[in-house]
Amino acid sequence: MENPLSICCKLCFKAFTTYQKLFVHERNKHSHNKTIPHFYSLPRPTSEQMSQYINSFIVLIKKKLGFSRHAIGKKRFSIETFPENIFVYLFKDEEKFKYSPAKHKYQCYFGGLTGENRLKQILHYDQWSFRQNPLTNTKGYVLLEDYENTYQVKFIWSQTVLLENNRKFTLGRMTCNFITDSGEFQEK
Ligand SMILES: [Zn+2]
């Protein structure tokens, strides 16, 4: 058994008797935390590795874009094997990046036209957020801003751990949540 007092906040080193108390502490004291205490252990990905995952992301988000009524609304997809260091190096410098050491979970949001443009830079692709019907002027797109509101694209990275036969197996997963819409656009 682990010593109960060894449940420790990795950000301020306060000790707790249960994980539940640590989660509450983290939510109250470090809800916008960007510090990654184990950052030194995450190797910097090569640009080939980065573009491999960016390409996967673009393929999967485009699959969620369509031209009919069914293509409109809240969408989500996951990349089931997504390395932690790729997520961290993609998003760590973003304003809306945050990390929970207690849950070993990262989140990053992009909102409005600012977010859309920032993702163009990160993904190195200006057309990441829409798909054009080749036959008409209809576009399916990720909704980030309309006349009334701004909307978010949310990226989450989390880990599943399996302990078996004194071995630890880990699976990192990236999930993306967003809203889609479609409509007709005249050529500019
Ligand atoms: Zn703390």
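## The cavity

Helix H2 (47-63) and helix H3 (84-91) each contribute at least two residues to the lining of the largest cavity, helices being DSSP runs of H or I with at least four residues, numbered from the N terminus. H2 gives the largest share of this lining, three residues. The model is predicted, so local features need pLDDT of at least 70 and side-chain atom pairs count only at pLDDT 80 or more, while totals for chains, interfaces and linings use all residues. Residues are numbered from 1 along each chain as its sequence is written, and side-chain values use heavy atoms, with hydrogens and water left out.

The lining of the largest cavity consists of Tyr53, Ile54, Phe57, Phe82, Leu90, Phe91, Leu123, Phe155 and Met174, and it divides into nine nonpolar, no polar and no charged residues.

## The zinc site

The zinc ion has as its protein donors Cys9 (SG), Cys12 (SG), His25 (NE2) and His30 (NE2), at 2.1 to 2.3 Å, where donors are N, O and S atoms within 2.8 Å of the metal (3.2 Å for Na, K and Ca) and water is not among the atoms, so sites may look incomplete. Along the chain these donors follow the spacing C-x2-C-x12-H-x4-H. Cys9, in the loop between strand S1 (7-8) and strand S2 (15-16), and His25, in helix H1 (residues 19-29), are 16 residues apart and link distant parts of the chain; strands are DSSP runs of E with at least two residues. Both Cys9 and His25 are buried, meaning under 20% relative accessible area with a 1.4 Å probe and protein chains only.

Terms used:
Buried means under 20% relative accessible area, exposed over 50%, partly exposed in between (1.4 Å probe, protein chains only). On a 1 Å grid over the protein atoms alone, a cavity is a set of points where a 1.4 Å probe fits but cannot get out, and a pocket is an open set with protein on both sides within 12 Å along at least five of seven lines; lining residues have an atom within 4 Å of a point. Ala, Val, Leu, Ile, Met, Phe, Trp, Tyr, Cys and Pro count as nonpolar, Asp, Glu, Lys and Arg as charged, and the others, Gly among them, as polar.
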